[in-house]
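These are my notebook entries on what I looked up in this structure, written for someone who is new to it.

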2 protein chains.
Amino acid sequence: MKTLLEIADILKSKNCIYILTHRYPDGDTLGSAYALCRALQLIGKKCKVLCHDEIPSKFRFMNDYVKYEEFDPEYIISTDVADIKLLGDKLLAYSDKINMCIDHHMSNKSYADIAFVDAMAAATAEIVYELIQNLGVPIDKEIASCLYIGISTDTGCFKYSNTTAKTHKIAYELINKNINLSKINSELFEKKSKEALSVEYMVYSTLEYFFKGKCAIIRLMQSMLDKAGINDNELEGIASIPRQIDGVKIGITIREKKSNLFKVSVRTTEDINAIEICEAFGGGGHPRTGGCTIEDDLENVKERLLTVIKNKYGW
Amino acid sequence: MKTLLEIADILKSKNCIYILTHRYPDGDTLGSAYALCRALQLIGKKCKVLCHDEIPSKFRFMNDYVKYEEFDPEYIISTDVADIKLLGDKLLAYSDKINMCIDHHMSNKSYADIAFVDAMAAATAEIVYELIQNLGVPIDKEIASCLYIGISTDTGCFKYSNTTAKTHKIAYELINKNINLSKINSELFEKKSKEALSVEYMVYSTLEYFFKGKCAIIRLMQSMLDKAGINDNELEGIASIPRQIDGVKIGITIREKKSNLFKVSVRTTEDINAIEICEAFGGGGHPRTGGCTIEDDLENVKERLLTVIKNKYGW
């Protein structure tokens, strides 16, 4: 694997760069991409962030931190994208042209010419923080804000087990750049719309336990979103509900994306590998946090997940 | 105010020390007390932590980090206790004998002979961290664990607006002492018993909005705890529910302690001072997080709180 200094040198030699993010974008894929985009623009590169989906409103302010430019790419990077399948249809045309991938997913599929994958990093933004230092670009308030968003999102605000001493050291350095910490934290981790709260209440009522409480499943159906009048991407915290429960080793959140198409989030305790479960359905992720997409009706989706778990762990 | 070095010198000159914590003890009052107790024992002092209430089970392991000794106190300290009223009946006998108070509550009532109050500190544990350094005691894994618990509890795991760059720097240094970070975080901020979850679900159903959504009130009644079969102190997160809601400036949680006795938590956004509201009922706290106790029936408690808010803010 190349060093971050070598990665930085390669980027310095390119002029027109696209940065691809994954679909259903979160704070890490976007924060990493926008931070890197701004850093590259500051050293005179043309650069642009692309995403299949619309940017969720709470992240949209990062768009003001970069200049918008129309150009054809000479070099294509992806940030926090473990698999080209996660790019989404609108970016599919680039899937065999990705020159460089910067990621922290152990399950990364090595689809790029050059990959820098550090599964010990709590967030891709931790890697991008060091990459920007290797580019020699001073980290300003805007870059720091993007990176803080990446790091705090992927660690559940320093709560998840991927958080390390280094994560806090980087946070200390980013906050010292005078970012609006309390506003960002309140937007990302505290604020909930009345609508989101009412959906959460509906989701709680779907909670089911399996295997003597070792597995808990909740579901989020389109009808709930319709009833509350909100969008799925305003509900980040939902997936952490079932695994929180005492005794639950596998917490599963099944989100209906459209009729008979479900996005499944799997959160596990230390002794269970979420990747193993998700790979059975063509997905991946991290040891404690995995995801996959299953096309079937709801009862079958549940049944198939429970069967994989039963077979794998003998429950 | 004395410096922490002067405070440390005073402590070094004493031999038999009690450390008092506040009732309904949280991670900060206990973490600060146990960290300081261990540090003082490490330099040969007799020292003991006292609390009116039983220590909540998730904090009880800190008891193993100190030696238990019977002795009469020569010197009495309090940690994170803003007012002697917060000591609880069992410690009331000490209330006019407190020699030193270490606290971060702006509303501290200056009841001790010597007070070190730093309202800029996110937690009393931040102050104790520096005090222990001034004592010249190396911070070991056990002290670091206690201090991390104090800091993370009072910042909602680095999420609340009191969190600063310094908070993360101290966290970095404590985590480097090899504390069991992921276990502590999961115990304090992730794990919920099935019972706690079911109470939360009941509490959600009590949510009421006032003043066009600027104030939200939830209540936690003894009957809910009885129904679920758990204790109030296993429900830390409840008080942060109402203020999270978009548009809510004052989030109030009313907890029934016994018939016609309610503990009220007030959380506010930046433009509202929670202390002002709580002081109207003899309480206090921080600008964003206050508390008070009101003896009356539930409807009157609500009515009286709403009247104070209405008069103060003209809503």
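Before reading the sheets I noted that two strands pair if DSSP finds at least two bridges between them, and that helices (H or I, at least four residues) and strands (E, at least two) are DSSP runs, numbered from the N terminus. This is a predicted model, in which local features need pLDDT of at least 70 and side-chain atom pairs count only at pLDDT 80 or more, while totals for chains, interfaces and linings use all residues. Residues are numbered from 1 along each chain as its sequence is written, chains are lettered from A and ligands numbered from 1 in the order in which they are written, and side-chain values use heavy atoms, with hydrogens and water left out.

**Strand β11 of chain A**

I looked up the partners of β11(A) and found that strand β9 (residues 261-268) of chain A is joined to β11(A) by 7 bridges, the two running antiparallel, with K263(A) opposite T293(A). Strand β10 (residues 284-285) of chain A also runs antiparallel to β11(A), through 2 bridges, and G284(A) stands opposite G291(A). Between β10(A) and β11(A), which form a hairpin, there are 3 residues.

In chain B I found an open sheet of 6 strands with mixed pairing, in the order β6-β7-β8-β9-β11-β10. Its edge strands, each pairing on one side only, are β6 (208-210) and β10 (284-285) of chain B. Helix α10 (residues 298-313) of chain B packs on this sheet, touching β6, β7, β8, β9 and β11 of chain B, where contact means heavy atoms within 4.5 Å.

**Two helices of chain A**

I looked up how helix α3 (residues 124-135) and helix α4 (residues 141-154) of chain A pack, and found an angle of about 150° with their axes 8 Å apart. Axes are lines fitted to C-alpha atoms, for helices over the stretch in contact, and angles run from 0 to 180 degrees between N-to-C directions. Angles under 35 degrees count as roughly parallel, over 145 as roughly antiparallel, 65 to 115 as roughly perpendicular and the rest as oblique, and α3(A) and α4(A) are therefore roughly antiparallel to each other. Among the residues that make the contact are Y129(A) and I132(A) of α3(A) and L147(A) and I151(A) of α4(A).

**Helix α7 of chain B**

In α7(B) (residues 194-204) the buried residues include L197(B), M202(B) and Y204(B). Their cover includes α7 and β6 of chain A, together with β7 and α8 (222-228) of chain B.

**R219 of chain A and the cysteines**

I found R219(A) in strand β7 (residues 215-220) of chain A, where R219(A) is partly exposed at 23% relative accessibility. Not counting residues up to four places away in sequence, R219(A) touches residues including E208(A), I254(A) and K302(A).

How many disulfides does a search of the whole structure find? Over all chains it finds 0, a disulfide being a pair of cysteine sulfur atoms within 2.5 Å. For C47(B), the nearest cysteine sulfur is that of C37(B), 3.7 Å away, and C47(B) is buried, with a relative accessible area of 1%.

Note on methods
Buried < 20%, exposed > 50% of the residue type's maximum accessible area, 1.4 Å probe, protein only.
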